[in-house]
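Biologist: I am new to this structure, and I would like to go through it slowly with you. Could we take it one question at a time?

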Amino acid sequence: MPMKICAVLRVVPDLVEEIEIEETEIVPFAYIANERDEHAVEEALILKEKAGGSVDVLGVVDEDTASDVDEPLAMAYAKGADNLIKAILSRKTFRRYEVAKGLAEFLKDKGYDVIFTGIQAIDAFAGTLGGMLARCMNLPYIGGVVEVDVQNGTLVVKKELGGGLLGEYRVSTPAILGVVSAERPLKFVPFAKLKKAMKEANIDEVDIEVPEIEGIDVLRYYEPPKPEITLLEGDPEELAEKLVEVLKEVSVL
Amino acid sequence: MNVLVFAEVVENEIQEITYELVGKAKQLGDVTTLVVGNADVSNINSDVIQVDAGEPLPWHYKIVEKVFEKLKPSAILFGNTLTSIDIAAQFAAQLDLPMATMVTDISAKDDGFVATSLVYGGKVLVDLALKSPAVFVVNRGSFPAEEGKGSVGNVEKLSLEELGVSDGIEFVGYIKPEVEDVDISKMDIVVSVGRGIGDEANIELAEELAEVLGGVVAGSRPVIDSGWLPKTRQVGRSGKTVTGKLYLALGISGATEHVEGVKAKNVIAINIDRNAPIFRISRCGVVADVLELVPVLIEKIREAKG
């Protein structure tokens, strides 16, 4: 049963780089693809391999991050995505429910059998997209997904439950799946192939009207307390000697 | 005020985080705990509504909705777990309620609440103002479990039929973890690698360090996702909890999902990023490049052991 598949791809601040924490906002140095969404794209491509069909990747950005998703979208194209769409939100918002409402308007008549999202993003402190999108579209949702198969037209989904335990579920389509990790490692794309994809890939753009929903506001952002320990720094020789002392203190040596 | 706690149940057992939530909820008001399934509820220190609906499923947001209509709580608390987050997000969206996720603290203020969330991989705290009623998805370990434990109050049993909800997603069964080569949760010394290890080839370095220390190698999610170590070696919310004598974290940033699985007596962390959250749970923290330090450390340990 060929499937019409969509995968949502967002960008988030790159935590490897510095982030500036101001009271009213977070100012990142750079944005990267949300890791869980990269896994959602990968799982979408795996499902296409299994069931046939097509994968559209929906890059969700705002005005400030609009160009940051170009490379992750091209990466998806290089891996086998069929169509790339850039959904530009009409305004920046931390409220996932507002994003879900806006996206639902766009997605509702597209006829997707499965919509994949990453289970969570590092900046998701006011809701999670997958479950909220499901309610806005009146579709079933299951998160924590690590594997998807199709049996007799029904999705058979494996979900992480913690501690290594998995659950298996049957999910009728159309449905929204929140992916925690794809069933295989992310496919490596050589730089030359990515460059080629960036040139060739056609990205459609759509504007998404984000409604305003009251009920939650940011009071302030701030840094967590510093660790109580003194951090050791120095040359490797000196540090290794200090660590050996610590290992003796805790009776490991 | 009325507060509703959604119990975390796995394989028909109430999980510890439920008691943490109940303890916090009791500071906020009168608590009712909603338990889906037939788990033993006798230790929950609150009133209980128990719904005979098998294992918790994502569509059970409909059950929470029915109980919400009945009790009209001001706050609804869920654990930040793979089961409850599915239900919480759908419940909040269905009822247009404000929702705070990755929550580490909640207090009542004026007509609503102030919640604190730990975000950006544990590098940023954010204080949020929420109108009542509000939904909170609380990180494991944020509150002590003791106050949530005790003798259960009134237990009301309800069936799915009485609640008038219907099925959506069907549960087929559990898949138990594979039989492991090594059970990292039972090991005394665990050398764990994160993204900072850089490359699959460098896992060998961690293995050598584990060997001289008499321990085993484990990893955080990015390492497992990359296929560099088997799933059975994953530490954190989705994987195992380590409880031994030493957890030596190499290049692990210390995101919330990871540190939930670190209950070892001593944590030593080596990370190039001096702001890495892993240092907050460490007894000893070293700011260094793992690949430069570990070979020297292996040598020094060998010397010390003679």
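Modeller: The secondary structure of chain A comes to six helices and 14 strands, where helices (H or I, at least four residues) and strands (E, at least two) are DSSP runs, numbered from the N terminus. This is a predicted model, in which local features need pLDDT of at least 70 and side-chain atom pairs count only at pLDDT 80 or more, while totals for chains, interfaces and linings use all residues. Residues are numbered from 1 along each chain as its sequence is written, and chains are lettered from A and ligands numbered from 1 in the order in which they are written.

Biologist: What percentage of the residues in chain A is buried?

Modeller: A residue is called buried if 20 or more other C-beta atoms lie within 10 Å of its own, exposed if 12 or fewer, and partly exposed in between, with C-beta atoms placed from the backbone. Chain A has 253 residues, and the buried share of them is 46%.

Biologist: Is helix α1 of chain A largely enclosed or left open by the rest of the structure?

Modeller: Helix α1(A) covers residues 35-51, and its end C-alpha atoms are 24 Å apart, which agrees with the 24 Å that its 17 residues should span at 1.5 Å a residue, the expected span being 1.5 Å times one less than the number of residues. The buried residues of α1(A) include R36(A), V41(A) and L45(A). Because twelve of the 17 residues are buried, α1(A) is largely enclosed.

Biologist: How many residues of chain A are in contact with chain B?

Modeller: Two residues are in contact if their C-beta atoms, placed from the backbone, lie within 7 Å. On the chain B side 75 residues take part, and their partners in chain A number 67.

Biologist: Which residue of β12(B) is the bridge partner of Y169(A)?

Modeller: Two strands pair if DSSP finds at least two bridges between them. Strand β10 (residues 165-171) of chain A and β12(B) run antiparallel and are joined by five bridges. In β12(B), the partner of Y169(A) is F171(B).

Biologist: And which residue of β17(B) is the bridge partner of L232(A)?

Modeller: Strand β14 (residues 231-232) of chain A pairs with β17(B) in the parallel sense over two bridges. β17(B) also pairs with β16(B), again in the parallel sense, over four bridges. The partner of L232(A) in β17(B) is V286(B).

Biologist: Which strands stand at the edges of the open sheet of ten strands?

Modeller: The order of this sheet, whose pairing is mixed, is β13(A)-β9(B)-β8(B)-β7(B)-β10(B)-β6(B)-β1(B)-β4(B)-β5(B)-β11(B). An edge strand has a single partner strand, so one side of it is left without a neighbour in the sheet, and the strands placed like this are β13 (216-222) of chain A and β11 (155-159) of chain B.

Biologist: Which residues of chain A are in contact with G121(B)?

Modeller: G121(B) lies in the loop between β8 and β9 of chain B, and G121(B) is buried, with 20 other C-beta atoms within 10 Å. Leaving aside neighbours within four places in sequence, G121(B) is in contact with S253(B), A255(B) and P277(B), and, from chain A, with L15(A) and I122(A).
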